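Good morning, and thank you for coming. I would like to take you through one protein model, from its overall build to a few particular places in it.

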Amino acid sequence: MDLVTCTAPVNIAVIKYWGKRDEELILPINDSLSATLASEQMHAKTTVSISPNFTEDRIWLNGQEEAMANPRLVNCLREVKRRARESGQTPQTRLDWHIRICSANNFPTAAGLASSAAGYACLVYALCQLYGVKGDLSELARQGSGSACRSVLGGFVRWRMGSDAQGHDSLAHQVVGPEHWPDMRIIILVANDGQKKVPSSIGMKRSVGTSELLKFRAENTVPKRIEAMEKAVQDRDFATFAALAMKDSNEMHATCLDTTPPCVYMSSTSHQVSDLVHKINEHFGTPIVGYTFDAGPNACLFLLKEHVPLLVHLVRHYFPTSDTTFKGDPFRGRDFDVEISSGEGKFQSLESSMDMGTNPDALKYAIYTKVGLGPEVLTNTSDHLLDELGNPKM
Ligand SMILES: Nc1ncnc2c1ncn2[C@@H]1O[C@H](COP(=O)(O)OP(=O)(O)OP(=O)(O)O)[C@@H](O)[C@H]1O
Ligand SMILES: C[C@@](O)(CCOP(=O)(O)OP(=O)(O)O)CC(=O)O
């Protein structure tokens, strides 16, 4: 029996992918750009195993057995095997053995927190390790979920839409590595981690079919904005970075509202968080925090390390929670390398200038993280999700 276990990170787009020109190959209507988040806080973990003794292909996701017939899964497996066959690295007999796949996310699945990105990047990375496939993996991961192609790399990543009908040039590449902007921090404010009503793939298909605004966005705004965003990342120009991220998120959600029937992903809590961010930035006279929202109500905030204590104080003040544990709590303890003092006295004058009401228990918890590396192989036996017979350990 051969067995490989990997982790892959989540990525959060600051220039969004929303809309496909080819549903089957998952080819987008515009380029997108994202930050890969550190795997320590959020990751998918996948074990893949092949054996001549397995009599059928099987998959378990988050402890439940699922159907292998999922077309995205089938496409990924077929394409990785095709690449393995073409490279001549793997004997046909090994490619014919049945496979077992066991995967788990350490954060909510299908809640607009990019689980499909981490999940398919992890699956493809693990399969490629298993079959000895080398080279670009983004084309393979893209066929599981569009955003997954950006999770096969660390740092800041750009997915170029490409023009080839077969999608061979619709690939992701690294803009800068995770070490490039060491002070960048990310705080995800989770308002709802339940499964969303309209999955991204359905929502964006509906937008492509009905929104004129989406067409305008893809053809006119994004091509210019993404160049400015790439430059802002390269120059570590936080104010431009945050302003562009917020603009792009709002434009994506505007296209969702321009869709028939409309896709409403942001909630009143999302808008309150957005309001707070704009008030903070107004107070400072320049963006010191930027937000972006995926297809869900949870805010993903970008900010520099020096502003974490301030943001933490204000979020605690305006979104008090009775859950004192506040999972992934940046609101207590230490930053990765900076002490987060409660800063009560220091920021009190700010509260009075905000002119906002408080929203008790509107947030469930927060995840505090930074920009990180791409997928990794785990070699410790205790890390494998399948036992020596190929059965799930849990
Ligand atoms: N670890 C995993 N391994 C394989 N597939 C996964 C994994 N995690 C999630 N998926 C697949 O992704 C689907 C969820 O994708 P969906 O786009 O609906 O949500 P999301 O990725 O959490 O949100 P969004 O893309 O809007 O940020 C799951 O139903 C499952 O098919
Ligand atoms: C809002 C987004 O997160 C949309 C992600 O959509 P998916 O990649 O989940 O869609 P499919 O390609 O159909 O699987 C924006 C982004 O990540 O760029």
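The protein chain is divided into two parts: domain 1, covering 2–178 + 375–383, and domain 2, covering 184–370. Please keep in mind throughout that this is a predicted model. The C-alpha centres of domain 1 and domain 2 lie 27 Å apart. Where the two meet, domain 1 contributes 27 residues to the contact and domain 2 contributes 34 residues.

Let us look at the side of domain 1 that touches domain 2. Four strands each supply at least two residues to that side: β2 (11–15), β5 (32–36), β10 (156–159) and β11 (172–176). The largest share, 3 residues, comes from β2. By class, this side of domain 1 has 18 nonpolar, 4 polar and 5 charged residues.

I turn now to the chain as a whole. Its secondary structure comes to 10 helices and 16 strands. Along the principal axes, the C-alpha atoms fill a box of roughly 70 × 45 × 40 Å. How does the radius of gyration compare with that of a compact globule? For 394 residues, a compact globule would have a radius of gyration near 21 Å, and the protein chain has 21 Å, so the two agree. Buried residues make up 48% of the 394 residues. As for contacts, consider those between residues at least 6 apart in sequence: 77% of them join residues at least 24 apart.

In an unreviewed entry, UniProt places the feature "domain: Diphosphomevalonate decarboxylase-like N-terminal" at residues 8–172. In the model, the span 8–172 is 27% helix and 28% strand, and its end C-alpha atoms lie 15 Å apart.

Next come the ligands. Which residues come nearest to ligand 1? Of the 22 residues around it, they are Ser103, Ser115, Ser116, Gly119 and Ala295. Two elements, β9 (98–105) and α3 (115–131), each supply at least two residues of this shell. The largest share, 7 residues, comes from α3. Sorted by class, the shell around ligand 1 has 12 nonpolar, 9 polar and 1 charged residues. Both domain 1 and domain 2 take part, with at least three residues drawn from each.

Ligand 2 has 15 residues around it, and Ala13, Ser145, Gly146, Ser147 and Ser201 come nearest. Its shell has 6 nonpolar, 7 polar and 2 charged residues.

Trp97 sits in the loop between α2 (92–96) and β9. Is Trp97 buried, exposed or partly exposed? A residue counts as buried when 20 or more other C-beta atoms lie within 10 Å of its own, and as exposed when there are 12 or fewer. Trp97 has 15 other C-beta atoms within 10 Å, so Trp97 is partly exposed. Leaving aside residues up to four places away in sequence, Trp97 touches Ile50, Ser51, Pro52 and Phe54. Trp97 and Phe241, by contrast, are 48 Å apart in space, C-alpha to C-alpha, and 144 residues apart in sequence.

I thank you for your attention.

Terms used:
Residues numbered from 1 in each chain as written. Chains lettered and ligands numbered in written order. Predicted model: local features only at pLDDT ≥ 70, side-chain atom pairs only at ≥ 80, totals over all residues. Near = placed C-beta within 6 Å. Nonpolar A, V, L, I, M, F, W, Y, C, P; charged D, E, K, R; others polar. Domains from an automatic or database assignment. Contact = placed C-beta atoms within 7 Å. Rg over C-alpha atoms; globule rule 2.2 N^0.38 Å. UniProt positions renumbered as here; feature names shortened; annotations may be inferred.
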